[in-house]
Amino acid sequence: MSGNERRVVGELLKAHGRTYAEEAGIRLRDTPQPLYRLQVLSLLLSARIRASVAVATARALHEAGLRDPRRMAGASWQDRVDALGRGGYRRYDERTATQLGDGAELLTERWGGDLRRLREEAGGEVPELRRLLQEIPGVGPAGADIFLREAQRVWPEAAPYLDAKALSGAERLGLPKEADRLVELAGDAEPAALAAALVRAALDKEVAEDSLRRAA
């Protein structure tokens with residue numbers, strides 16, 4: 001393991017080791033409302049849209065009071081469309097408004113509006129967690145990966161969760177593509193922060209180039 005690899009990871013984390021939940025103003029805890037807000041953020045981030053727009057839209061939904069499944073399901077479709085629009089999520093606003101309503105209803109009916117019950121149903125099995133998350137309307141494989149990358153901070157059975165997108169960031173940086181080695185290179189940094197930083201390197205060539213330049 002080279003010292004240069006450690007420096008690259010260190011510089012990447014220093015500049016970009018903030019989770020997307022933190023960026024969206026979500027103080028992530030293993031309680032129903034923050035977990036639900038993370039699920040909504042994961043759905044938004046999984047679309048072909050800039051991450052900054054998805055984050056701004058998650059904030060707009062929160063500011064509109066749509067911060068738990070009961071409120072989301074109880075809002076009108078137009079209220080959801082309007083909140084999505086205020087966040088800049090206009091390209092997918094109508095479809096996403098429907099998915100958010102349907103997802104909130106499913107969460108309420110099946111898991112009592114509490115994603116911890118989904119976690120219990122999965123029995124600590126990460127593949128089952130990933131599968132159950134995809135039963136929520138609008139959450140596909142990418143959305144489930146995003147959720148678990150962030151939720152590993154409070155659901156330790158998922159850690160270290162570095163999905164294909166995070167590993168593509170590692171490849172761009174010339175780093176190993178094995179999760180355990182990347183976690184070792186990150187030292188005391190949380191896997192969730194490492195995952196977010198690697199994803200930013202995957203999405204933005206300049207992030208990777210800046211980290212490499214600083215570590216040189």
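**View 1. The helices of the chain.** Welcome to a chain with 14 helices and zero strands; helices are DSSP runs of H or I with at least four residues, strands are E runs with at least two, and both are numbered from the N terminus. The radius of gyration, taken over C-alpha atoms, is 17 Å, close to the 17 Å that the globule rule gives for 216 residues, so the chain is as compact as a globular protein of that length. That rule is 2.2 Å times the number of residues to the power 0.38. This is a predicted model, in which local features need pLDDT of at least 70, side-chain atom pairs count only at pLDDT 80 or more, and totals for chains, interfaces and linings use all residues. Residues are numbered from 1 along each chain as its sequence is written, and side-chain values use heavy atoms, leaving out hydrogens and water.

**View 2. Inside the chain.** Of the 216 residues, 51% are buried, meaning under 20% relative accessible area with a 1.4 Å probe, protein chains only. Contacts are heavy atoms within 4.5 Å. Take the contacts between residues at least 6 apart in sequence: 66% of them join residues at least 24 apart.

**View 3. A closer look at H16.** H16 is buried, and its relative accessible area is 19%. Setting aside neighbours within four places in sequence, H16 is in contact with A196, A197, R200, V207 and S211.

Definitions and conventions
Buried means under 20% relative accessible area, exposed over 50%, partly exposed in between (1.4 Å probe, protein chains only).
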